[in-house]
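Please walk me through this structure.

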Amino acid sequence: MDKETGLFHFLMLVISLVVLCESRVVKVPTGPLMHVEGQAVSIHCDVSDYEGPSDQDFDWSMVLSGDKLVNIISTTFDSGFTDSSVKDRVNSGDISINKLGHSSVELRFKKVRATDSGLYRCSTPSTDSVVSGNYDADVELKVIGDSLKVATAVSKSVVNEGESVQLQCSITRGFTEHTFLSVTWSIRRGNNPFEEILTFGPDDEIKVESNYSQLYADGGFQLDLRGGGFYGLVLTNPKPMEVGVYVCTAREWVRQGEEGKKWRKILERTEEVGKVVVTPIAQSLMVAVEKNTTLNVGDTLNLTCTVAANVLPSLSLELMWLVRSIDGSGSPRVLIHIGRDGLLQNGSEAVGFSKVNARTFRLLVHKVDRSDSGLYSCRVKAWLQQGREKWYQAAEKTSDTVQVLVTHLEPQFKVTLEAPLTPQFTSDPTELRCQVTNLLHLQDGLLGVTWSYSNTTKDASQNEVIIASLNQHGALTTGRQYKERLERGDIAVTKRDPNIFILRMLQTRDTDMGSYLCSVTAWTSGRQGGWEKAKDVPSTSVVVQWSPKVPVLQVLAHRVREASTGGSTFEMTCRVTAQNLQNPAYSVLILFEETRGGKSRKVLSLSSDSVLQLEEWSEPNRMDSVVLEKTGQLEYRFRLYGAQVSDCGFYYCRVTAWMSDQGTDWNQAVNESNKIEIAFADTGPVFNISIQSHTSKVLPGDTVKMKCIMSTLSAAPNTGDVAFDIRWFQSSERAVDNGGVLPLISMDRWGVVKKTGGDRTQCSLERTDWQTFVLGVHKTEDNDVGEYYCTATPWLLSPATGVWTKGQDLKSAPVFLSIKLELLDSLKMPVSYGVAAAVIACLLSVLLGLGVSHCCFSKNPMHTPRPRNKLIDLEMD
C-alpha cells in the first residue's frame, strides 16, 4: 500500500512540473509608464502558453485602493462591463481597445488626462483545462502636466566677423520624478532643413555633430551652462559661413527597459532664437597709401599705409610693401614683408619700417636712386584667431598704387673712335683709340668700355661680336671668340687716361678686316655701396681694311743624276720660288708614282724643323737607300742609292709653306713640282718558276713532297750571283682564296726558313740545289687537302758594283693534294679488332663451362649407387 501511495505522489509531482512549465503568462510593459497630459498613450498586453482556442479575450481595469477595480473596456464588447465613470470616454472613442492579434491587445488613450494616473490591470478569462500561471498583470501609468517652456534671445543679430555672439535659451518645467531634460542647438541656412550642432543631455553629456566637431575643438563655439535652466550658445568668432537661423530645442526623457538603459522621449519644445548675420572683414577692410611723390637722388622716401576695419583691434595684420616698374609692366616686387606677429620676414638694410599706431604703418627708403622709381602699393592680410592657437586669414586687400619718381642728372659725354695705326699688309699692327669728351655730371662716377667687331660684308647688327670689355675698375672681360688671342697677348685692351681707351692688335689677320665700335659706360655708386650703370654711349664705327696680296708658291724639280742601270744612284733637286709670304717655313715631301697619273706613294719627308722621316718606304734592307736634305735657302735634294727595277717610276716634290699667324695658328700654301722619271731596261736573266709533285693522292699519315723549280730562259748566271726568296702557300678547299694571307712556310735569299702558317700543318722546306726548293708535308690529315703553289723573288748580284738587285716576283701554277681512303685499307684495322675480340670471347666461354661442370657434377664420396640387379626397396616418403 505504501508503494502505491509513493508512486501516486511521484506522478502528481511530474504532472505539476509539466503544468507549471506550460502555465499561462500574461505580460504588460514594465512600469511606471510616464506620459504627458494631452498626449496619445497606448499600453500593450499579451498572453502566452495557454490552452483552448487561439483567440483570447482581454479585460482592462483600473485598480483602486483596497483592490477595488473599475472596469474600463473588454474585447468581448460587453456593454455592461464598462464602469459608468468612464463610459462616456469609451463611447466617444477617447478610450479604446485594439486587438493586435489572437494573443495581444493594446489599451489606447487619445488624450491622456492627469486623472488617468493609476494602476491598470490586464486580465484574460481562463480557457485552460488546469488553472495555472497568471491570468492578469498590472502596470502603473503616471500622467504629468505639460509644464515645459522655452524662452530664447540673441545678444546681437548682426555682427562683424570675429565678434562674439551670445545665443540665449532658458528652459523651465515643473519638477517630476524620473524625468530628464536635454537641450539641442540647431541651425538652418536658407531653405535647407535644420541641421543639429550639439546636444546636451539627457545624461549630462555634450554630443557634437560630426560636421561641427572640428569647429568645436577649435573653440569656434561653446555651451554656456550658467545654471537656473540657462543653456546658452556662444559663437566666439563667427565666420560668414555660420550665417543662419538658430533654434533651441528642449526635450523631456524617461528611462525604459528592464535595466533602464534606453531613453524614451516624452515631450519636446522648439523655439527659434533668430537669424544671425555675420559681416565679413573683407567688406570693411580699407587700405590706402599717400599720394604720388617726386624725389631727387639721395632723398628719403616716406610713405604711409593706413588700414581701417570694423573690428580692427581684434585683427592681426600682415603687411607687405610692393613696388613695380614705373610703366606698370612685370610682376610687383616685395620690398619689405612684416608678418602678423610683427617680425620682419623679408627686407633689406636700406628699407625701414615703423608702426605709427594700430592703423598706420610707415615705409622709409634712405638715399633713393633712380632704380627706386616705380609704382608703390601696400598689401594687408587680416588674420583672426580661431580657438586658442589657430589663426585663419579673414581678408586680404591691396591699396591703389602711388607713383614715386626719382630724378637724377645723367652724365653727359661724347665718344669718338679713331684709327691712328692701320695695316697695309697682313700681320701688320692695328691700333684703335676711343676717347670720351665733353664729360659732365659724372661727379664721383667711373667709366668703362666695350669693344665690338662686325663683318662689313654682312649685316652689322646681326654679326656684331664682343671683343673685350673693361669695367669701371679696369677689370678685363674677354669675348668668347677672342679669348685665346687676348690671353696670349696678341690683342691688348688698355686704359691710357681716365677718358681714353686703346685697342691694339699686334699682327692683324685677314679675318680682322671689318667694322670696329667702342661703347663707353658711365658707372655711378649705388645706395648700398655698389656700382650701377648710369648711361651707355656708343661711338661711330671705324672700318679697318687693306688689299691683301695673294701668296705665290712654285716648285721646280731638276734631274741631277740619272739611274740608267740597276744598282745605280738617282738624284734630283727641288727649287722653291715664293712671293707674298710672311716669314714662311717649308716642309718637303717626296712622292712616287709607278705610272704617270697613277696612285701616289709617299717616300720620305723633311719637316719645317728639318726632321727627316721615312713615310711609306717599307724596304727593310734599304732604309738607308733614300736621302732628302736641304742644300740651299730654297733648294732641297733627293737621292736614291742602288736603284732597282721596282724603283722605276715618276718622282716629284710637294712643298708646303707654313706662315705663323700668332701663336699656334698657321696659314699654309701648298704646291707640287714637275715629275722626274726613273726608267732603265732590265738586262739580267729571265727566270721561270714551275712546281712538281711525285703524287697528288696520299693516304692519311703519309708524307708528300712538292718541288718549286727555278729556271732561266736566257744565259744562266753564276750560282753565286743569284739568290731567291721562296714562299709556299696553301689554298684549302674549306677556306676562301689565300690572296694577301701569310705563306705556309718561306725561305729568304740567305737560306733562313720561317714558318708562318701555324702548327696546323706539319711541313718543312729545303733547298736541294741552287734552283730547287722542296716542300715536305708530313703526317697528312684532312686539313692538308687543297691547292699548293709557290712564289719566288730573284735577286742578282752586279759584278761591277757588288750591289744586289731585286727582280720581279714570280708565281707558279697550283698543284692539288688530296687524301685517298682504300676500302681494304680502311677495313683492316676494324676487322682485326673484331676477330681478336671474338676469339677472346670464345675462350672465356669454354673456360667458364668447364668450371661450372666441375663444381656442380663432381662425384659425392658418401653416395653408394644402387645395384641394378636387385629390387629397389619400397620407401615411404
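This is a predicted model. Begin with the largest pocket, which holds about 630 Å³ of space. Its lining counts 27 residues, and P620, D725, R727, W795 and K806 lie nearest the centre. Strand 54 supplies the largest share, with 3 residues. By class, the pocket lining has 12 charged, 9 nonpolar and 6 polar residues.

The structure holds 1 cavity of 30 Å³ or more. The largest cavity contains about 60 Å³. Its lining is formed by I187, R189, I197, Y212, L215, F221, L235, E242 and Y246. Of these, 7 are nonpolar and 2 charged, with no polar residue.

Next, the cysteines. The whole structure contains 6 disulfides. With the bonded cysteines numbered in sequence order, the pairing runs 1-2, 3-4, 5-6, 7-8, 9-10, 11-12.

Take C45 and C122, whose sulfur atoms sit 2.0 Å apart in a disulfide. The S-S torsion is about -85 degrees, so this bond is left-handed. C45 belongs to strand 3 (residues 41–48) and C122 to strand 8 (residues 118–123), so the pair ties together parts 77 residues apart in sequence. Both ends are buried: C45 has a relative accessible area of 2%, and C122 has 0%.

C169 and C248 form another disulfide, with an S to S distance of 1.9 Å. Its torsion of about -70 degrees makes it left-handed. Here strand 12 (residues 165–172) carries C169 and strand 18 (residues 244–256) carries C248, so parts 79 residues apart are tied together. C169 is buried at 0%, and C248 is buried at 0% as well.

The disulfide of C708 and C790 spans 2.1 Å from S to S. With a torsion of about 75 degrees, it is right-handed. It links C708 in strand 53 (residues 704–712) to C790 in strand 59, 82 residues apart. C708 is buried at 0% relative accessibility, and so is C790.

How far can the model be read? The mean pLDDT is 82, and 87% of residues reach 70 or more. Where pLDDT is low, predicted coordinates should not be read in detail.

Key:
Residues numbered from 1 in each chain as written. Predicted model: local features only at pLDDT ≥ 70, side-chain atom pairs only at ≥ 80, totals over all residues. Heavy atoms only, no water. 1 Å grid on protein atoms, 1.4 Å probe; cavity = no way out; pocket = protein on both sides within 12 Å on 5 of 7 lines; lining within 4 Å. Points joined across faces, edges and corners; volume = space filled by probe spheres on them. Helix = DSSP H or I, 4+ residues; strand = E, 2+ residues; numbered from the N terminus. Nonpolar A, V, L, I, M, F, W, Y, C, P; charged D, E, K, R; others polar. pLDDT = per-residue confidence, 0-100. Disulfide = S-S within 2.5 Å. Buried < 20%, exposed > 50% of the residue type's maximum accessible area, 1.4 Å probe, protein only.
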